[in-house]
Amino acid sequence: MIQISQLKKQYKEAVVLDVPALEISRGECFGLVGNNGAGKTTLFRIILDLVRASAGSVTINGEDVSKSEEWKARTGAYLDEHMLLAYLTADEYFETLRVIYGLSAEDLRLHLDKFTEFFNDEVLGKKKYIRDLSKGNLKKVGIAAALMGDPEAVLLDEPFENLDPSSQIRLKKLILREKENSRVTFLISSHDLNHVTEICERIVLLEKGKVIRDLRERSEMMAELEAYFTG
Amino acid sequence: MFFTLIRLEFLKSVRSTSFAKSLLTNIFMGFLILLLLSYVVGLGLLLQVILDKVAPDQDHIALVNSFLIYFFLTEFLYRYFIQKLPVVELESLLHLPIGKSRIIQLLLTRSFISPLSIIAILLVGPFAIQVVAETYGAMGALMWVSTIALTSWTLHWFMLWFKQRFEDSLIGLAVIFLVLVLGAGSSYMGWFNLGEIMKPVFDYAMVSPLPWIGMLAVMILSYFLCYRFYVSNAYLEDLSEEEDVRFVNQSIGFFSRFGMAGELANVEWKLIIRHKKSRTFLIMTAFFLLYGMIFYDNPAYTTEDGFSALFIFVGVFITGIFMIQYGQLFLSWNSSNFDFYLNQKGGIEALVRGKYLLFLAISLICFLASVPYVYFGWHFLLIHLATFLFNVGILIHLITYLALWKPKPMDLNNGAMFNYEGIGAAQFLIVIPMMVGPYLIFLPFSLLFNDYAGLLALGVTGVLGLIGFKRLSKINIDRILANRYEISSSFRQEL
């Protein structure tokens, strides 16, 4: 579904990302781990065409992301607050997205119903702008927005960060359910090894912009990662 | 301790990203302030000469004293718009073991060090030396000037309290409106003469220290009121902006007919209503509706046949001021959520068209609101119609085109007055198409045939622009898409 080939990003001399080839197939849950500065967010931004690649290309379903826009309708993402309209209330924001994705009011209700437990009554129906929400609730809004409009691929940057423990567990359930029911491809970057190894069947480890491990064997993941991170 | 805080303040202003990035703008601003202050000094020096010309036979001192109250009313107004509140820095200091009163003292003192504090002295000082000192002696002149300065400083403290308490609320606007009516009403309409009522206070100041002592007491009192208010409200929740959600929740149903662009126009409208900077721009638009008052009835611009070509410029301003002011920062308004639009299919296209839709709607409202100018003559309606069409047909694209030259990020919650965040060279250049554009169309026809032919040409050009709206707006949409990586990374402040 997502193909990356000869991808390179450099700022002047410094190469921050160098991925010769990487393919993520439909319905896969793809975990991305690595220490700070490994290039996780940069990779996500290049996939989403927010940052220009110095060389190489990313294609989603055969479409080069930097040359067309069609893929955007089928790709959801939440990387940071820049992707929210922070001066709207959560309800207004979802309503705006509803119009953009061309959904009916019923579609939106059905979609938000899936998040009832996740939102824990703290997001919808509040007279509070998104910018005034707590970091955890901000994240919840972003994640729910990224999953709108039946996307085929969803990119989430550090989705577990700032969430309380129950919300983290609920989010894991949500992701697994979406994957099961709609074959959504998830790309998730995280520092929480327990969570990613639990939901992802494939984990890629980045170091200084390079893919140094591509783990597919569930049973060995945790041990390998722990060995790497304890150094 | 005090000096540490002052040093921190200094570092903060020098190291702020906007300072480093727009050093040129800062130099320009400093220059502008000096220029304005030098005008004030010049006016002060020439005051006596002017009065000699205008009212040769009257007692100039009495005249100045009776006009002082209008000066203070004006000062009240410009302080309301210009004066900055010192609370922004509070957040980073409150949790430290520094007494609240100490912090507030610092903030208040800092707010006092401002060009605004010396305007009154610069204005009446020269006159006091030249005229008042001759009649009442140096002591009288000194007391007179210092009484005036103390009044001005009382306004300073009062305004700090007033703005913090009432800014952006209806009460605040009502008071401002009342001051305007009071000032205009008393002199123009002759309801009562405010100047005569207040005159004795300043007359008395020249011969007796009592008004001076009184004013000093009032100023100290106002300082303490202000200080008390700030100390007792030195909590983040109190000093941060509380917004009235009911008032700002209106969306404009009319836009929903235009699909995704309409939806984004609605979202943009909410952005305008919910941020301080954009709100000020909107209020200024309303004030600029009165711009015509200065020119339209002015005998200096009355011509034998047709009308003064200057009116075209005034018309462009009245019907397009919002588009010109808001549009010059076109994308900077969305700097904190630009990635959102990039991430939607057709998002940029809808964003640009949505903004255009909004500009069009507000320009239309301005045009309709300017209809009463027909009181001065029917041709003003035609001028406004032609300039309105030109604005929404052509100028809208020109302004956007220039505004898209290296857009910069900005914080929408800072005030708009003398806030040059997001402004670069391009924003200064926007003046050129705005001034020259309409005349390029108007003048040839007006010189060849007559002024009304020029207006017709202007209107027709605008209509043509409207017909080609899709194609013209595509130019700017494509420009954003071509530069999307640079814009997005500069908005994320990565440069």
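Helices in this account are DSSP runs of H or I with at least four residues, numbered from the N terminus. On that basis chain B of this predicted model has 22 helices and zero strands. Of the 495 residues in chain B, 36% count as buried, and among the contacts in this chain between residues at least 6 apart in sequence, 78% join residues that are at least 24 apart.

One helix pair of chain B may be described in detail. Helix H11 (residues 259-274) of chain B packs against helix H16 (residues 347-369) of chain B at an angle of about 65 degrees, the two axes being 7 Å apart, and the crossing of H11(B) with H16(B) is right-handed. From H11(B) the contact is made by B:Met260, B:Ala261, B:Gly262, B:Leu264, B:Ala265, B:Glu268 and B:Trp269, and from H16(B) by B:Ala350, B:Leu351, B:Arg353, B:Gly354, B:Lys355, B:Leu357 and B:Leu358. By class, the residues of this contact between H11(B) and H16(B) comprise nine nonpolar, two polar and three charged.

Elsewhere in chain B, B:Phe202 lies in helix H8 (residues 194-205), and this residue counts as buried because 22 C-beta neighbours fall inside 10 Å, where 20 or more are required. When residues up to four places away in sequence are not counted, B:Phe202 touches B:Asn65, B:Leu68, B:Trp144 and B:Thr147. By contrast, B:Pro438 is 236 residues away from B:Phe202 along the chain, and the C-alpha atoms of the two are separated by 49 Å.

In chain A, strand S1 (residues 2-11) and strand S4 (residues 55-60) run antiparallel and are joined by five bridges, with A:Gln3 standing opposite A:Thr59 in S4(A). S4(A) also pairs in the antiparallel sense with strand S5 (residues 63-64) of chain A, over two bridges, and here A:Ile60 stands opposite A:Glu63 in S5(A). S4(A) and S5(A) form a hairpin with two residues between them, and A:Asn61 in the turn has a positive phi of about 50 degrees.

Most residues other than glycine have a negative phi. Two aspartates of chain A, neither of them a glycine, have positive values: about 60 degrees for A:Asp49 and about 45 degrees for A:Asp150. A:Asp49 is found in the loop between helix H1 (40-47) and S4 of chain A, and A:Asp49 counts as buried because it has 24 C-beta neighbours inside 10 Å. A:Asp150, in the loop between helix H5 (135-146) and strand S7 (153-157) of chain A, is partly exposed, with 15 other C-beta atoms within 10 Å.

The largest nonpolar core has 140 residues, and those with the most contacts inside this core are A:Ile47, A:Tyr93, A:Ile130, A:Val141, A:Val154, A:Leu155 and A:Leu187. Helix H17 (residues 379-403) of chain B gives the most to this core, with 13 residues. A:Val141, leaving aside neighbours within four places in sequence, is in contact with A:Leu84, A:Ala90, A:Tyr93, A:Val123, A:Ile130 and A:Leu133. A second, separate core has 37 residues, among them B:Ile61, B:Ile69, B:Leu107 and B:Ala205.

The contact between the chains takes 20 residues from chain A and 22 residues from chain B. On the side of chain A that touches chain B, the largest share, three residues, comes from helix H2 (residues 90-101) of chain A, and by class this side has 13 nonpolar, two polar and five charged residues.

Technical notes:
Residues are numbered from 1 along each chain as its sequence is written. Chains are lettered from A and ligands numbered from 1 in the order in which they are written. This is a predicted model: local features need pLDDT of at least 70, side-chain atom pairs count only at pLDDT 80 or more; totals for chains, interfaces and linings use all residues. Two residues are in contact if their C-beta atoms, placed from the backbone, lie within 7 Å. Ala, Val, Leu, Ile, Met, Phe, Trp, Tyr, Cys and Pro count as nonpolar, Asp, Glu, Lys and Arg as charged, and the others, Gly among them, as polar. A residue is buried if 20 or more other C-beta atoms lie within 10 Å of its own, exposed if 12 or fewer, and partly exposed in between; C-beta atoms are placed from the backbone. Axes are lines fitted to C-alpha atoms, for helices over the stretch in contact, and angles run from 0 to 180 degrees between N-to-C directions. A crossing is left-handed if the near helix is turned anticlockwise from the far one by less than a right angle, and right-handed if clockwise. Two strands pair if DSSP finds at least two bridges between them. A nonpolar core is a set of buried Ala, Val, Leu, Ile, Met, Phe, Trp, Tyr and Cys residues joined through C-beta atoms within 7 Å.
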